[in-house]
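Subject: Structure handover

Dear colleague,

Here is the structure you are taking over. My notes on it follow below.

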Amino acid sequence: MTKKKEAIVVGLGASGGIIAAELAKAGVKVTALEKGPHYPEDHFRDKQDEIRYYTRGALVPHLSTNPITWRARDGQTARLLPWASGPLGTTEPLHLPPSIGTGGGTLHWGGAVWRHREADFHMRSALIKRYGAAAIPEGTSIVDWPFGYDDLEPYYDRVEWELGVSGQAGNINGELVAGGNPFEAPRKRGYPMPPLRSAAANSRFVEATRRLGLHPFPQAAAIASEDYKSLKGCVYCGFCHGYPCHVNAKQTSHVTSVPEGLASGNLDIIPFARVIQVNRDGGRVKGVSYIDAVGKVHEIEADIVVLATYSLENTRLLLQSGINANGQVGKHFMTHCFGWSTGVVPEFTNSFMGPLVGAHVVDDYTSELIPDNDLGVVWGSPITSFPGDTQPIEASHNTPPGMRKWGSEYKEWFASSYRRIFSMHTQTSSLPYAGGYCDLDPNIKDPFGQPALRITHDWMPHDINSMKFFTRVKQAIAKEMGMTEFWEEPNPPPYHLSTHEVGTHRMGLDPETSVVDPYGESHECEKLFAVGGGQFPTLPSYNPTMTIQALAFLTADRITGKI
Amino acid sequence: MASRAEWQRITRSVTGGPENRLFFTAHEWATIDAATARIYPTDETPGAREAMAVRFIDRYLSGLDYIFASADGDAFLQISGKDRDAWRIRIEKLQRKYRDGIRRLDDVALTEFKTEFRHLDAAQQDRALEILSGAPKPRRIQVAEEGEVHVQNISDDDLEFFAMLALHTRQGTFCDPVYGGNAGRVGWDAIGFPGPPTLASTQDCSYGHADKFLTDFDWGDLIPHLKSRGR
Ligand SMILES: Cc1cc2nc3c(=O)[nH]c(=O)nc-3n(C[C@H](O)[C@H](O)[C@H](O)COP(=O)(O)OP(=O)(O)OC[C@H]3O[C@@H](n4cnc5c(N)ncnc54)[C@H](O)[C@@H]3O)c2cc1C
Ligand code: SF4
């Protein structure tokens, strides 16, 4: 038994990296346990390698050692994620849990960042106000967040300025700013860096959406458009989402937070430490047990434990540790449907250049802005261009319907289309419903004898209708852009994991109906914090990570007694 | 235990032709070479045969020494620990699938044309692959028409032999040449992907396209040889 620690942070990803560093800088002695490696600073120098990162999944957790199962509904037997199954279970890195190691999911994320809308914090009230109580779909558990946009605004500001975000403000203190998002919630100041440049044919998207009466604006990005603090300006290499950044332009806790924590002298990182259980002493946390790189089990004690292992693993650890007195852990599972759409335009797009987020977005139909419609869709989504960041192998799989992926017709098509590809996507949010939840799989265990997490989830009519609604919008944009070909992923999609899983350890004020409080602290087990997207009471249609980061700063302030 | 972050570099060659086979027998090499040449055929531009997709596949199937290239050139990373165990299971499964698939391809060829696959003419080979794939040629559809849709995520783990071979042919044609495919960058050149000069050259972080955003740029000029062909 080792000496008792002040604080243990489990997982050094988006949220854990921030919390570990903030605590260490405030003088708290932190021990960080990370399942993956602690990558040396220059580890990602060889990286323009589509086989290594995209095809053979060098950064992602493997399903053989980190099994997760899925089934559509109760009564079925779940199996290893069928869209990513096999001994390694590697696939497109967007449909497995995020990468592991210091930096976690921020090692290879796309870096699309958002402040949630004001209405996103009170979805239930907004729906009832607009449509009446009957509009809340039956069987769903839609609630308001325990705080509002104004409460989180200072923390969004910290993420943007302390970690670094590029973008164009649209609303500063209620004044609209030309070129930005006219629909965004008011911010106190602009972004610390100008927006990224966007790739060639993006102007086609911008002009076409304007002609359609929409209001395109540059995507805010957790990528430095110029040198900023520890980040370097992006060189638009085109191997971006799914890849680590070789020049450190991408904001990752591996670069922005962990080194600062280490420099304070108060952060001790134990890599390859796989936490298997939270230990408690009555109503208070006692520590954790973990398995080290050679398979030995250790038990360590601490006053404070922070679980920051991604929503799904946080959920598994809470369940496995028996911290679920009110039965709420694992409930309210939500995820995004991406609505991936691909088109071909007449001129060169040179889609191999730039980051995914050198893009423009249309927010006219997002969340509460969705117009009344015949499909009964009550919560909308942004529509985002995807003008670059497409490597050849990835593109070669993605053929239009009716195109066989071999033979001379295919070759002719690919040779003439690769440089003209232009994509778009939406992010429709699923609603929390009783049939969508996570629990421990009764049949499947990992090689360490721990039960796998089981996801039970199916796409609901609202999801399918949202996809249909946005297909129409994207088709109109495609036509206006003069696309010669345009196609979409299936509706409903084959995956039930989008790396935007949230809700499964819901935060709230009422200990009966939620798992953690607004600071991420467990209602049931004092000084145990479970942070990340698992806290979200509902899922806005924006990418979740900047809100996860803002919540992490909030948790750190709470632990260090600042609030 | 050497971790993912500390895997050692080992020197492994990806040069040479059928005489340098590591996994395939001579017959298997010739059969897969012929099949990849129908999957991504040679026309006025080089195809999978010139890209040596067969060599890429041979190295991949040969064991655990050709999984992740190191930017040094003829160097790969020595995978260890749990990753090694998982990769071993995967590669052994792929090896069995290839051995079995090649046998089935010859069976189809012998049943239909009384000749082994590699000795058939191009049209006969296409027919044999079509039978093996079990799928007739789909109908092309127009923009916005409903049709069979693509699935974004692709993994070789659970694919049927033919779909897997087609997938590996694409990988072997468009990978970085350090993996033994895309020889002489012919795959990239044909589609206009500029790619880094060599993977090793990316180590100085110079690969990028920032310069192309600085001034108004004629995008077509980026890949002049395609512009002149009117693509
Ligand atoms: C390809 C890709 C692109 C993405 N693009 C975007 C984007 O553009 N915008 C956006 O907002 N989001 C994006 N995301 C999602 C983003 O990565 C996640 O939202 C974010 O990383 C979640 O943060 P987290 O702190 O909850 O968990 P993570 O960042 O996943 O960190 C969890 C950490 O915990 C460690 N861990 C897990 N289990 C254990 C255990 N048992 N013991 C010890 N350690 C453990 C992991 O190794 C990991 O380091 C993307 C994800 C992927 C995969
Ligand atoms: S596109 Fe920019 S941010 Fe993305 S990996 Fe390349 S240099 Fe880094």
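In chain A, strand E1 (residues 5-10) runs parallel to strand E2 (residues 30-34), and 4 bridges join the two. Ala7(A) has Val30(A) as its bridge partner in E2(A). E1(A) is also joined to strand E11 (residues 297-307) of chain A, again in parallel, by 5 bridges. There Val9(A) stands opposite Val306(A). Strands (E, at least two residues) and helices (H or I, at least four) are DSSP runs numbered from the N terminus, and two strands pair if DSSP finds at least two bridges between them.

The model is predicted: local features need pLDDT of at least 70, side-chain atom pairs count only at pLDDT 80 or more, and totals for chains, interfaces and linings use all residues. Residues are numbered from 1 along each chain as its sequence is written, chains are lettered from A and ligands numbered from 1 in the order in which they are written, and side-chain values use heavy atoms, with hydrogens and water left out.

Chain B has an open, antiparallel sheet of 3 strands in the order E1-E3-E2. Its edge strands, each pairing on one side only, are E1 (9-11) and E2 (69-70). E1(B) pairs with E3(B) (residues 75-77) over 3 bridges, and Arg9(B) has Leu77(B) as its bridge partner.

Next, the interface. In chain B, 83 residues are in contact (heavy atoms within 4.5 Å) with 87 residues of chain A. The buried area, meaning the accessible area (1.4 Å probe) that the two parts lose on being put together, summed over both, is about 7,400 Å², and carbon and sulfur atoms give 63% of it.

There are 2 salt bridges between the chains, counting a side-chain nitrogen of Lys or Arg within 4 Å of a carboxyl oxygen of Asp or Glu. One of them links the side chains of Arg404(A) and Glu130(B), at 2.6 Å from N to O. On the side of chain B that touches chain A, H4(B) supplies the largest share, 7 residues. That side divides into 46 nonpolar, 17 polar and 20 charged residues. Here Ala, Val, Leu, Ile, Met, Phe, Trp, Tyr, Cys and Pro count as nonpolar, Asp, Glu, Lys and Arg as charged, and the others, Gly among them, as polar.

Finally, ligand 2 is surrounded by 14 residues, each with a heavy atom within 4 Å of it. The closest are Lys47(A), Cys234(A), Cys237(A), Cys240(A) and Cys245(A). The shell divides into 11 nonpolar, 2 polar and 1 charged.

Regards
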